[in-house]
Amino acid sequence: RKKRGATFGEAFYTVKDIADELGVKEDTVRDWIRRRELAAYRVGRELRIKKEDYEIFLAKRRIESQDE
């Protein structure tokens with residue numbers, strides 16, 4: 001028997017998840033969102049960040065090695 005209804009494949013993180021992962025304060029993550037550096041979605045009173053948007057945010061901040 002098939003399951004009915006939507007299948008949600010997108011992974012979402014909370015502000016706390018990202019702050020803990022990067023070792024920064026939650027306020028720092030909220031500042032990135034406020035400055036539109038990190039895309040987020042408001043769900044009720046909470047903010048959620050798509051895994052894909054978080055990966056884009058990190059990729060933009062990647063520093064290439066300075067090997068000479």
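A salt bridge here is a side-chain nitrogen of Lys or Arg within 4 Å of a carboxyl oxygen of Asp or Glu. By that criterion, E26, D27 and R30 are linked in a network of salt bridges, and the structure holds seven salt bridges. This is a predicted model, in which local features need pLDDT of at least 70 and side-chain atom pairs count only at pLDDT 80 or more, while totals for chains, interfaces and linings use all residues. Residues are numbered from 1 along each chain as its sequence is written, and side-chain values use heavy atoms, with hydrogens and water left out.

- D20 pairs with K16 in a salt bridge whose closest N and O atoms are 2.7 Å apart.
- Both residues, D20 and K16, belong to helix 1 (residues 15-22) and lie four residues apart, about one turn of the helix; helices (H or I, at least four residues) and strands (E, at least two) are DSSP runs, numbered from the N terminus.
- D20 is exposed, at a relative accessible area of 52%, and K16 is partly exposed at 45%.
- For these terms, buried means under 20% relative accessible area, exposed over 50%, and partly exposed in between (1.4 Å probe, protein chains only).

- D27 and R30 form a salt bridge through their side chains, at 3.1 Å from N to O.
- In helix 2 (residues 26-34), D27 and R30 are three residues apart, so about one helical turn separates them.
- R30 has a relative accessible area of 29% and is partly exposed.
- A salt bridge also joins R34 to D31, with 2.5 Å between the closest N and O atoms.
- R34 and D31 are likewise residues of helix 2, three residues apart, or about one turn of the helix.
- R34 is exposed at 59% relative accessibility, whereas D31 is partly exposed at 31%.

**Nonpolar core**

- The largest nonpolar core has 11 residues: V15, I18, A19, V29, W32, I33, L38, L47, I49, Y54 and F57.
- Helix 1, helix 2, strand 3 (46-50) and helix 3 (51-60) are the elements that give two or more residues to this core.
- A nonpolar core is a set of buried Ala, Val, Leu, Ile, Met, Phe, Trp, Tyr and Cys residues joined through side-chain atoms within 4.5 Å.

**Contacts of V15**

- Leaving out residues up to four places away in sequence, V15 touches E26, V29, R30, I33, L47 and I49, where contact means heavy atoms within 4.5 Å.
- Among these partners, E26 and R30 belong to the salt-bridge network with D27, and V29, I33, L47 and I49 are listed with V15 in the core.
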